[in-house]
Amino acid sequence: MAVSSLSFTLPKLQTFTPKPTIAATFKASSSHESTPFINKKQIFQMGVGILAASIVASAPLDADATRIEYYATTAEPTCEFNFVRSGLGYCDIAVGSGEEAPYNKLVNIHYTARFGDGIVFDSSYKRGRALTMRLGMGKVIKGLDQGILGGEGVPPMLVGGKRKLQIPPHLAYGPEPAGCFSGDCNIPGNATLVYDIKFVELYSGNRKM
């Protein structure tokens, strides 16, 4: 539930000292004298009110956090990019030893996506599961298709491999902002993106040819 930037002022709670006559109401008595009475419902409501007030006081609101940022749990070492004619930059941290990335097949990858200044804006590690994606069919940005599937001077990734990609705007989201929700966009226009890719495996549900 979205929370607006409101400031909360908690009312001061006065110290309550029960009188002897109130305490006496919880004792069994055969007397018919009229005494003040607090039932269990009133006590429960008082306790709920105090608990709610303590929760608000102990949980300050960060209403300015309108931009969602994911922070990766792993950080790959830096490497020197090789740039191909399309403008894509790539470098392998680990080549891998499994099958090549297949055309028009589903694969599972882990990734961390950053802007050129190093700020993380998305990560599969944060969600705790690899992303299943189809290669070569325009289902992802062009830089990921070329950077994983290979082509035009880029070797295909192998299962188990780790690769860094520097993706220029025309191979990413272009001049228009992306990842927009309620007028707030996660990725600005003309953004150069840097991806750390780990090729986990071929998706087990692929049809066998």
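**Close-up views of a predicted model**

**Figure 1. The second largest pocket and its lining.** In this predicted model, the second largest pocket holds about 200 Å³ of space. Its lining consists of 16 residues, and those closest to the pocket centre are Y111, D122, L144, Y173 and Y195. At least two lining residues come from each of strand 3, strand 4 (120-123), strand 5 (131-134), strand 8 and strand 9. Strand 3 makes the greatest contribution to the lining of this pocket, with 3 residues.

**Figure 2. The aromatic pair of Y111 and Y195.** The count of aromatic pairs in the model is 3. One of them is formed by Y111 and Y195, with ring centres 6.1 Å apart and an angle of 40° between the planes, which makes the pair tilted. Y111 belongs to strand 3 (residues 106-115) and Y195 to strand 9 (residues 193-202), so the pair ties together parts of the chain that are 84 residues apart in sequence. Both tyrosines, Y111 and Y195, are buried. Strand 3 and strand 9 also each supply at least two residues of the lining of the second largest pocket.

**Figure 3. Helix 4 and its cover.** Helix 4 spans residues 142-149 and is mostly covered, with 7 of its 8 residues buried. The buried residues are G143, L144, D145, Q146, G147, I148 and L149. Strand 3, strand 5, strand 6 (162-167) and strand 9 are among the elements that cover them. G150 follows helix 4 and has a positive phi, near 90°.

**Figure 4. The hairpin of strand 7 and strand 8.** Strand 7 (residues 178-181) and strand 8 (residues 184-187) pair in the antiparallel sense, and 3 bridges join them. F181 has D184 of strand 8 as its bridge partner. The two strands, strand 7 and strand 8, form a hairpin with 2 residues between them. In the turn, S182 has a positive phi of about 55°. Strand 8 is also one of the elements that supply at least two residues of the lining of the second largest pocket.

**Figure 5. The disulfide of C180 and C185.** The sulfur atoms of C180 and C185 lie 2.0 Å apart and form a disulfide. The torsion about its S-S bond is about 105°, so the disulfide is right-handed. C180 is partly exposed, with a relative accessible area of 44%. C185 also counts as partly exposed, at 23% relative accessibility.

**Figure 6. The disulfide of C79 and C91.** The model has 2 disulfides by count. In the one shown here, C79 and C91 have their sulfur atoms 1.6 Å apart. C79 counts as partly exposed, at 25% relative accessibility, whereas C91 is buried, with a relative accessible area of 3%. With bonded cysteines counted along the chain, the disulfides follow the pattern 1-2, 3-4.

**Figure 7. S97 and its contacts.** S97 is located in the loop between strand 2 (89-94) and strand 3. The residue S97 is exposed, with a relative accessible area of 75%. Leaving aside residues up to four places away in sequence, S97 touches L158 and V159. The C-alpha atoms of S97 and G160 are separated by 6.3 Å, although these residues are 63 apart along the chain.

**Figure 8. The whole chain, for orientation.** The protein chain has 4 helices and 9 strands. Along the sequence, these elements follow the pattern α-α-β-β-β-β-α-β-α-β-β-β-β. The chain has 209 residues, of which 30% count as buried. Among contacts between residues at least 6 apart in sequence, 69% join residues at least 24 apart.

Notes:
Residues are numbered from 1 along each chain as its sequence is written. This is a predicted model: local features need pLDDT of at least 70, side-chain atom pairs count only at pLDDT 80 or more; totals for chains, interfaces and linings use all residues. Side-chain values use heavy atoms; hydrogens and water are left out. Rings of Phe, Tyr and Trp (its six-membered ring) pair if their centres lie within 6.5 Å; planes under 30 degrees apart count as stacked, over 60 as edge-to-face and the rest as tilted. Buried means under 20% relative accessible area, exposed over 50%, partly exposed in between (1.4 Å probe, protein chains only). Two strands pair if DSSP finds at least two bridges between them. Contact means heavy atoms within 4.5 Å. A disulfide is a pair of cysteine sulfur atoms within 2.5 Å. On a 1 Å grid over the protein atoms alone, a cavity is a set of points where a 1.4 Å probe fits but cannot get out, and a pocket is an open set with protein on both sides within 12 Å along at least five of seven lines; lining residues have an atom within 4 Å of a point. Grid points are joined across faces, edges and corners, and a volume is the space filled by probe spheres set on the points.
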